[in-house]
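This report sets out the arrangement of helices and strands in one protein model, together with selected residues in its loops. Please consult the sequence and structure shown below.

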Amino acid sequence: MKKIMLVMDAAGLSMPAVDFACYIAKLSRSRLTGVFLEGGSGDLVPAGLAEETISANIRKFREACICRETLSLVHRDRGLPLSEVISESRFADLIIIDPELSVSGADRHAPGHFVKDILASSECPVLICPYSFDGVDKLIFAYDGSTSSVFAIKQFSFLFPELSEKKVVLFQVRKDDERAIEDQFKMKEWLKAHYIDIDYVFRKGETADQLFGYLLEEKRAIVVMGAYGRSMLSMLLKPSEARIVVKTVDLPLFISHR
């Protein structure tokens with residue numbers, strides 16, 4: 001991995017997001033591109049925000065990257081925020097985004113509509129920042145037997161070979177049909193070719209509920225999951241549940257879809 005985008009509101013710099021993004025960039029020896037969203041319909045920047053405020057935030061970002069030994073670039077996007085981000089995602093390896101990033105001051109729920117739109121339309125994987133971060137000891141792969149869940153696991157593994165020695169948990173809500181059992185065997189075979197320390201966790205019941213309950217007890221882990229609308233991700237489409245998922249779990253969420 002070589003190019004990571006950190007998408008930010010030009011009006012307000014989130015230092016926890018910068019800290020997390022620098023950790024990921026340094027880990028993967030990637031350059032971190034700070035994408036500062038400045039304008040467009042539903043303007044991110046409040047009326048009257050002075051140019052010096054934006055310049056100050058950009059300066060803080062650059063200084064933070066230097067202090068954290070992270071190579072950085074800055075892009076100032078002044079057009080339609082969503083269109084600009086999706087356009088840039090085509091030429092990036094990964095997007096990192098704060099779950100509370102918003103295109104309007106009123107949309108401060110986590111994740112907001114803007115973040116959901118990015119998840120649905122991004123042309124590269126998205127990594128949602130946690131609210132607090134203290135390193136990575138474990139990788140949790142949410143596997144539901146779907147093409148999208150396997151694709152996400154493979155994408156993550158290819159982007160982060162540096163984490164191949166971390167403990168891996170394959171979490172699955174078990175299905176008892178013959179095809180599912182055969183696919184489980186193939187998935188285990190693939191994992192053994194890429195990771196050393198692997199545990200398998202099986203549950204019965206509703207996939208989203210079981211995964212959410214399991215993640216409540218986890219710390220210092222990254223969660224990897226597939227296409228929007230499956231498993232726990234379906235909960236992110238419901239405003240009443242989305243905030244509970246993101247804020248209560250408080251783990252980095254790696255999301256990829258084909």
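## Packing of helices 3 and 4

Pro-81, Leu-82, Val-85 and Ile-86 of helix 3 are in contact with Phe-114, Asp-117, Ile-118 and Ser-121 of helix 4, where contact means heavy atoms within 4.5 Å. Classified by residue type, this contact of helix 3 with helix 4 comprises six nonpolar, one polar and one charged residues. Here Ala, Val, Leu, Ile, Met, Phe, Trp, Tyr, Cys and Pro count as nonpolar, Asp, Glu, Lys and Arg as charged, and the others, Gly among them, as polar.

Two packed helices are described by the angle between their axes and the distance between the axes. Helix 3 (residues 81–89) packs against helix 4 at an angle of about 30 degrees, and their axes are 10 Å apart. Axes are lines fitted to C-alpha atoms, for helices over the stretch in contact, and angles run from 0 to 180 degrees between N-to-C directions. The crossing of helix 3 and helix 4 is right-handed, a term for a near helix turned clockwise from the far one by less than a right angle.

## Basis of the model

The model is predicted: local features need pLDDT of at least 70 and side-chain atom pairs count only at pLDDT 80 or more, while totals for chains, interfaces and linings use all residues. Residues are numbered from 1 along each chain as its sequence is written, and side-chain values use heavy atoms, with hydrogens and water left out.

## Overall composition

The protein has eight helices and 10 strands. These elements are DSSP runs numbered from the N terminus, with helices (H or I) of at least four residues and strands (E) of at least two. Of its 258 residues, 51% count as buried; buried means under 20% relative accessible area, exposed over 50%, and partly exposed in between (1.4 Å probe, protein chains only).

The 10 strands form an open sheet of mixed pairing, in the order 3-2-1-4-5-10-9-6-7-8. Strand 3 (72–77) and strand 8 (198–203) are the edge strands, each pairing on one side only. Two strands pair if DSSP finds at least two bridges between them. Strand 7 (residues 167–173) and strand 8 run parallel and are joined by six bridges, with Phe-171 partnered by Val-201 in strand 8.

Five of the five residues of strand 9 (residues 221–225) are buried, so this strand is largely enclosed by the rest of the structure. Ala-221, Val-223 and Met-225 point one way, whereas Ile-222 and Val-224 point the other way. Helix 7 (residues 207–215) lies across strand 6, strand 7, strand 8 and strand 9, at about 150 degrees to strand 7.

## Residues in loops

Asp-98 lies in the loop between strand 4 (94–97) and helix 4 (113–121) and is buried, with a relative accessible area of 18%. Leaving aside residues up to four places away in sequence, Asp-98 touches Ser-14, Ala-17, Val-115 and Cys-129.

Arg-29, in the loop between helix 1 (15–28) and strand 2 (31–37), has a positive phi near 55 degrees and is exposed, with a relative accessible area of 61%. Glu-69, in the loop between helix 2 (51–67) and strand 3, has a positive phi of about 55 degrees although it is not a glycine; Glu-69 is exposed at 60% relative accessible area.
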